[in-house]
Amino acid sequence: MDRVMESNLIEVQMGKMEIAQAPDRLITRGLGSCLGITIWDPVKKTGAMVHPMLPDMEWSKIKNNPSRFVNSGIALAMEELEKKGCFRSRYEIKIFGGAHMFSFINADSALNVGQKNIDMAHEIFKNLNLKILVEDVGGTFGRTIELDAETGKVLVKTVSWGEKVV
Amino acid sequence: MARVLVVDDALFMRRMLSDILKKEGIEICGEAENGKDAIDKYQQLKPDLVTMDIVMPKIEEIDGIGAVKEIVKADAQAKIIMVSAMGQHSLVVEAIQAGAKDFVTKPFQPSRVIEAVKRALGG
């Protein structure tokens with residue numbers, strides 16, 4: 001039988017989290033200092049993508065949206081995946097972005113939000129004893145990422161450094 | 001055999017968690033119904049793992065997260081799994097950053113509870 005399943009491309013806006021099941025794909029565009037986190041279960045062929053802007057709610061006056069923050073965004077994504085019958089021990093976790101977008105701020109400054117976002121993701125996944133499989137973070141450039149819920153592969157696109165699949 | 005302390009203010013939830021774990025050959029070495037009780041029983045029983053309800057009434061200013069902080073302070077190797085309800089992300093991350101190893105979200109599948117317990121005991 002020659003049947004092609006139609007794949008939808010689901011947009012993940014800044015500060016949001018979405019879930020996709022194969023054959024659908026998730027995309028988030030223009031990651032700068034924001035983080036793009038993908039969590040995928042190969043058995044369920046289900047993935048989450050979250051696009052938090054800040055490490056935690058201490059950084060913001062707007063505290064009501066968990067997907068705006070790295071720590072609660074991860075918890076939200078894991079909760080939604082759990083609802084879909086996904087299991088932690090199968091998770092493939094990848095993190096992207098966290099770039100250093102303002103050259104007038106030192107890379108080791110407390111104002112380097114990108115690095116703070118990366119640090120927070122490390123802390124949360126380490127505490128949960130979950131391994132980060134791929135990291136494509138830092139630098140001074142933006143990224144667009146696309147997760148294929150069928151394969152778990154992530155296409156990373158940049159303006160100056162081209163494309164790659166990880 | 002692994003020994004688990006089950007902490008929840010609701011009796012039916014303690015029973016449900018106990019039943020799920022006993023079927024896996026895990027021993028329930030004790031139950032506690034609030035955070036204060038959990039800290040005391042942790043010291044007495046020295047369990048291999050604790051399941052901790054995230055929202056419980058405060059007793060002597062200690063709730064579920066307060067209990068996590070106290071237990072981890074006394075035993076950095078403590079293995080605690082939070083039992084949360086949908087949408088309690090800020091409490092969940094507070095618990096994780098205080099040292100909890102995982103969280104399961106109510107209503108949960110027994111298989112998910114078992115996975116969390118086995119992963120925490122193995123890691």
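Visitor: How many residues of chain A are in contact with chain B?

Guide: In this predicted model, 15 residues of chain A are in contact with 14 residues of chain B; two residues are in contact if their C-beta atoms, placed from the backbone, lie within 7 Å. On the side of chain A that touches chain B, α1(A) gives the most, with six residues. Helices such as this are DSSP runs of H or I with at least four residues, numbered from the N terminus.

Guide: Residues are numbered from 1 along each chain as its sequence is written, and chains are lettered from A and ligands numbered from 1 in the order in which they are written. Because the model is predicted, local features need pLDDT of at least 70 and side-chain atom pairs count only at pLDDT 80 or more, while totals for chains, interfaces and linings use all residues.

Visitor: Why is α1(A) called largely enclosed by the rest of the structure?

Guide: A residue is buried if 20 or more other C-beta atoms lie within 10 Å of its own, exposed if 12 or fewer, and partly exposed in between. In α1(A), 12 of the 14 residues are buried, so the helix is largely enclosed by the rest of the structure. Among them are A:V70, A:A77 and A:E82.

Visitor: What makes the span of α1(A) close to the expected one?

Guide: The expected span is 1.5 Å times one less than the number of residues. With 14 residues, α1(A) reaches 20 Å from its first C-alpha to its last, close to the 20 Å expected.

Visitor: What follows α1(A)?

Guide: A:G85 follows, with a positive phi near 85 degrees.

Notes:
Helices (H or I, at least four residues) and strands (E, at least two) are DSSP runs, numbered from the N terminus.
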